[in-house]
Amino acid sequence: MKFSFLSTFYGAIALILVGLVPCPVMGQALTKKNVTEADYGLWHTMASEQLSGNGAWVSYGFSYENNLDTTFVVHTKSLKKFVFPNVITGTFNGEKDFAFIKKERLVLFDLNSGTEKLYPNVSSYSFSADGQYLVTLEDASTLVVRKNGATIERIENVSTYEWNADKTKLVYTTAVNGKGSVGFLSFKKSFSNQLFIQPTEQTFEVLKWQFNGNSVAFYGIDKGNKEVYYYDFLNTKLFTLKSSDVTFPTHMKIAPEQNIELKVSRDGKKVFFGVTTIAAKDTTVYSSGIEVWHSKDLSLYRERKLKASVAYPQFLAVWLPKEAIVMQLSSEKYSWVALNGSQDYSVIADKYQYEPQYKVNADMDYYLMNVRTGAKDLFLKEQSGVDSQMDFSPDGRYISYYKESNWWVYDIVKKTHLNLTKDLNVIWDNRAVDPGNELRVWGQTDWSKDGKFILCYDHYDIWAISTDGKHRKRLTNGKEKQLRFQFDKSAISNVHEFNYADSGTYIYDLSKNSVLTAIDMYGGAVGYYQWQPHKAMTSLVFENAMITKYMKSKTGSAFICVKERYDSSPAIVYVDDGSERVIVQSNEQQKKYQWGKSEMIHYTDSKGTPLNGALFYPANYDATKKVPLIVYIYEIVSRDVHKYVNPTNQNMLGFNITNLTASGYAVLLADIAYEKGNTGISATECVTGAANKVIQMGVADAYKIGLFGHSFGGYETNFIITQTDLFATAISGAGVSDIVGNYFNYNNDWGAIDSFRYENQQFRMGVPFFENKEAYYRNSPLQNAKKITAPLLTWSAKLDENVEPEQGELFYAALRRLKKEHVMLVYPYDGHVLFNHKNQEDLTLKVEDWFGHYLKDAPKKKWMKADFETN
């Protein structure tokens with residue numbers, strides 16, 4: 001669609017408050033043990049990796065299932081280490097201090113002297129940009145400012161506060177007996193505290209900065225009266241907007257609830273906020289108890305009923321304080337809204353215009369609306385409603401969109417459309433490789449910092465295309481190497497993160513070196529390259545492993561990353577001037593245990609489509625012996641070939657690769673390529689091809705192969721065992737069994753009838769049921785259940801609203817009637833995946849029991865037996 005005990009060594013560490021930990025040296029080789037359930041509690045997960053500003057220190061945390069979490073700080077040169085038990089994470093203040101909260105106390109730890117200062121009753125803290133000032137919230141409402149350990153300011157009765165982006169200013173509100181004030185602290189050059197709203201019969205909330213810190217907006221509330229405030233720091237001027245102002249939209253009022261987020265535009269000239277109707281809507285329209293469903297309704301009854309229950313629907317509005325303009329941007333009809341790059345225009349659309357239709361996101365007509373005048377023009381007709389297929393240039397002039405297999409731009413000034421990628425002979429979407437699925441572009445467009453180029457992504461590479469379409473250049477050479485390149489988040493020059501749609505605009509400076517993520521689409525390696533203008537790309541860190549979490553120091557060239565393989569737990573690697581140093585290797589205890597290994601294998605389907613599979617060998621594998629194999633399926637799953645997996649019984653799907661390899665199984669994550677209208681059939685071809693490949697390699701016992709899938713993989717599992725006798729047994733979780741019935745099901749998670757998932761999404765049938773009934777029947781597990789020979793275990797949960805447990809019950813009824821070997825598990829108080837730890841542990845153990853019996857000839861457990869079985 002992620003214990004039992006700690007050893008004496010780890011128990012001792014948990015008692016240390018802080019200290020230096022030397023690296024132990026093994027004097028002799030030890031005989032490796034098998035991992036057992038009793039050992040699972042030794043494993044931890046590493047997280048919260050940080051690098052100090054100049055790269056002198058690294059911090060990270062180890063979390064255990066028994067919640068004995070520990071944070072570590074290590075010097076990158078000397079490897080001097082400090083240990084902080086029962087601490088989740090902390091913050092560097094330059095190279096001198098490391099701060100963290102423990103038991104409601106702030107600990108400020110001096111990394112040079114190893115001494116600490118304690119500040120009690122602290123709920124939050126932060127440092128100013130220059131690191132000279134420490135700001136804490138103490139006793140729930142007292143804001144305290146310290147410099148060099150000395151208190152220089154205390155502000156009582158603080159109700160909320162917010163830093164600007166670069167942490168040079170902080171705005172705060174106070175509230176006492178219904179009276180509020182607003183002030184700000186400045187930390188630039190020298191410290192100052194100034195109120196710009198003196199105590200008044202109002203309270204204030206929701207502080208929102210302009211991105212450069214030159215202005216701030218917030219709400220004021222007095223006995224139900226709500227106002228929007230805007231303070232201009234450069235001109236020290238306060239502006240106020242009231243619902244009663246003559247410029248305010250008629251019949252509307254200010255709505256400070258954050259369904260519509262309060263924001264200040266990047267140019268500081270506009271404040272975006274929520275409005276609602278003065279008069280409440282009638283919420284009794286659907287209270288008669290009689291439901292009326294009309295087949296031609298634009299929206300379904302349940303959606304209309306939910307919508308009608310909201311007495312005060314909220315809409316987006318804009319206020320230009322210095323121009324005294326207020327404009328409502330979205331409305332009941334035009335409820336979809338986004339902002340262009342300069343935020344001078346809103347893009348609005350009617351989400352229901354083309355309903356009923358059967359896509360994940362409905363097509364819409366898009367209108368461009370001037371936020372100052374309200375003038376509205378249609379600029380794009382019947383365009384996809386998928387957010388990743390539209391973006392906005394940072395200068396506000398262009399809107400990019402994907403249509404007819406090409407990237408286009410709309411010029412707002414000239415009101416013209418231009419096909420940027422025409423005749424490039426480049427494929428930008430998944431249609432060729434996955435024709436039955438929803439249309440997905442390989443990447444949403446981004447923009448160059450100078451605004452001259454739009455950045456587009458094909459399956460492998462990044463392209464820079466000028467906004468006039470005259471200059472089109474491929475920046476990377478991934479196709480030749482079968483590497484997929486994309487910009488790493490560290491390369492982002494700027495982010496226009498809010499436009500009220502679900503995605504922001506990412507901006508990259510093409511005049512500077514940039515870090516790219518690289519994925520080997522053939523071998524599965526993940527790492528980093530450096531892109532340089534006018535030079536060839538170079539590998540920063542790339543090998544047969546999964547390398548993630550790149551983080552560069554603010555000064556110099558040093559960086560850290562996390563490197564892992566299936567047989568090597570995640571390690572933090574420090575890289576400087578081309579040399580690598582391991583700062584920490586998590587789960588060092590793994591060296592004492594037998595462990596499996598992984599590799600990428602390759603196979604094809606019946607049409608010759610090349611496919612990958614991640615094969616995990618059992619611990620202490622003997623190549624002269626064939627072993628039982630468990631195949632895990634979903635869609636594309638082989639990319640986890642190098643992912644390290646802790647052994648544990650707390651698994652949301654009941655499936656754990658390491659538990660299984662430690663028990664002597666080989667595990668295969670098999671990729672699938674789909675034929676439109678033949679989803680189940682093509683899954684069968686690919687999965688049997690993958691399993692047969694492992695048999696041909698001499699690894700798998702052909703008579704001891706199991707199959708496991710969850711959700712869509714559960715459907716595939718249910719179906720595959722109706723088509724082949726290759727699998728000795730199978731386990732299916734939360735899977736559809738009757739695709740014909742499910743096609744007509746109302747899905748509570750999606751708020752839609754499931755037919756869209758078949759016609760234009762994951763089930764890939766491509767046409768309505770009525771246009772090709774035979775294909776639906778051909779690919780339905782229920783309709784083919786008579787051919788099942790493999791014993792099947794299914795599981796579902798009563799609160800699953802994505803694939804309702806009735807699908808499992810239908811299959812149970814069919815297999816019961818057909819007298820097949822089948823057990824169904826139904827978990828209470830859980831959903832599509834299991835979050836309850838007891839349920840996770842129960843399912844994990846039952847999965848291993850089931851495979852143990854059918855693949856390793858272990859005796860049946862009691863829970864696997866029917867009520868009449870006594871042996």
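Which residue in strand 36 does Leu455 stand opposite? Leu455 stands opposite Ala464. The legends below describe close-up views of a predicted model.

**View 1. Strand 35 meets strand 36.** Strand 35 covers residues 453–457, and strand 36 covers residues 462–466. The two run antiparallel. Five bridges join them. A hairpin of four residues links strand 35 to strand 36. Strand 35 is mostly covered, with four of its five residues buried.

**View 2. Strand 34 meets strand 35.** Strand 34 spans residues 446–448. Strand 34 pairs with strand 35 in the antiparallel sense, over two bridges. Trp447 has Ile454 of strand 35 as its bridge partner. Four residues lie between strand 34 and strand 35 in this hairpin. Gly451 sits in the turn, with a positive phi of about 75 degrees.

**View 3. The largest nonpolar core.** This core holds 93 residues. Leu629, Val631, Phe655, Leu668 and Leu707 have the most contacts inside it. Helix 5, residues 679–696, supplies the largest share of this core: seven residues.

**View 4. Around Leu668.** Here the neighbours within four places in sequence are set aside. Leu668 is then in contact with Ile601, Gly613, Ala614 and Leu615, among others. Its contacts also include Leu629, Ile630, Val631 and Tyr632. Ala690, Ala691 and Val694 are in contact with Leu668 too.

Terms used: Residues are numbered from 1 along each chain as its sequence is written. This is a predicted model: local features need pLDDT of at least 70, side-chain atom pairs count only at pLDDT 80 or more; totals for chains, interfaces and linings use all residues. Side-chain values use heavy atoms; hydrogens and water are left out. A nonpolar core is a set of buried Ala, Val, Leu, Ile, Met, Phe, Trp, Tyr and Cys residues joined through side-chain atoms within 4.5 Å. Buried means under 20% relative accessible area, exposed over 50%, partly exposed in between (1.4 Å probe, protein chains only). Contact means heavy atoms within 4.5 Å. Two strands pair if DSSP finds at least two bridges between them.
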